[in-house]
Amino acid sequence: SFIVTFAKHFDMVKDEISMPKNFALLCLHAAVPIGAIVLTKDMGMALVFIAIFISMLFATDIKLRYFVGGAIALLIAMPIIWNKVFGAGSTQQKRILALFDQTNPKYVDIMYQQNQAKEAISSGMIWGYGLFKGPKTQSLTSGALSERENDMIFAATGEELGLIGCLAIILILTILLIRFIIDAGHSKDSMGSMICVGAFSMFAIQIVVNLGMCLSILPVVGLTLPFFSSGGSSTISSFLTIGLVLSVYMHRKDLMFAGQSDS
């Protein structure tokens with residue numbers, strides 16, 4: 001719903017997009033849902049909305065100075081975000097700090113899930129142990145891969161299907177992202193293009209963060225891998241987003257035929 005409403009908002013002001021008033025209203029449009037999500041402490045989902053917002057803005061004709069100003073404002077606000085939004089000594093802070101000192105004993109519990117994920121991926125080597133035969137993935141004892149059906153599904157794939165299975169997942173999702181961009185370029189109206197860009201960023205941030213979590217490159221924030229992780233709400237939202245992009249693709253044909261008949 002945010003992607004659709006933001007795309008519509010942009011379409012209404014696209015001719016005067018660089019006016020300070022219009023830019024401020026677009027920022028307010030995004031700040032409402034992002035702020036509400038931050039209040040629930042769901043930083044992973046807040047990150048998804050922020051990525052959608054920035055990507056859709058970047059696809060517009062807004063002057064570069066707004067992005068520079070936003071980056072400067074973010075740097076200034078970082079201490080407040082770190083201490084007030086995350087909270088001093090919070091789990092979110094520890095997960096970030098642990099990435100820079102992964103061997104520190106005080107971060108053993110924080111890094112446990114990600115260490116298990118890395119071990120599972122590396123043990124699968126090229127072909128893996130076979131589907132439903134992964135020692136960590138299928139084990140119910142201590143040392144098992146936790147959250148293997150959702151957050152760590154990529155690690156489970158690495159153990160059971162090996163490097164080949166991991167590359168297959170990355171290839172499938174990359175093709176999906178490329179199609180989003182192609183459909184954005186073929187759309188005959190700005191709103192349709194913006195919807196495709198929003199869908200691209202929504203999927204891209206989840207994919208990058210989820211893979212980063214499994215490889216201990218990024219902190220654990222509870223984001224699913226689209227169409228692979230379990231979870232009804234994640235699957236439904238992913239299919240709804242695909243439906244939006246398909247709608248843009250289908251209506252592009254109608255607009256093409258309309259243009260041919262007018263000529």
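The entries start with the source of the model and then go through what I looked up.

Source. I am working with a predicted model, in which local features need pLDDT of at least 70, side-chain atom pairs count only at pLDDT 80 or more, and totals for chains, interfaces and linings use all residues. Residues are numbered from 1 along each chain as its sequence is written, and side-chain values use heavy atoms, with hydrogens and water left out.

Helix packing. I looked up helix α3 (residues 43-58) and helix α9 (residues 190-214), whose axes come within 8 Å and cross at roughly 140 degrees. Helices here are DSSP runs (H or I, at least four residues) numbered from the N terminus; axes are lines fitted to C-alpha atoms over the stretch in contact, with angles from 0 to 180 degrees between N-to-C directions.

Next I listed contacts (heavy atoms within 4.5 Å). From α3, Leu47, Val48, Ala51, Ile52, Ser55 and Met56 meet residues of α9, including Met194, Val197, Gly198 and Ser201.

Ser190. I found this residue in helix α9. Its side chain makes a polar contact of 2.5 Å with that of Asp11; the term means a pair of N or O atoms within 3.5 Å, one able to donate a hydrogen and the other to accept it, and residues adjacent in sequence count only if both atoms are side-chain atoms. Leaving out residues up to four places away in sequence, Ser190 touches Phe10, Asp11 and Lys14.

Aromatic pairs. How many aromatic pairs does a search of the whole structure find? I got 9, counting rings of Phe, Tyr and Trp (its six-membered ring) with centres within 6.5 Å.

Note on methods. Helix = DSSP H or I, 4+ residues; strand = E, 2+ residues; numbered from the N terminus. Phe/Tyr/Trp six-rings, centres within 6.5 Å; stacked < 30°, edge-to-face > 60°.
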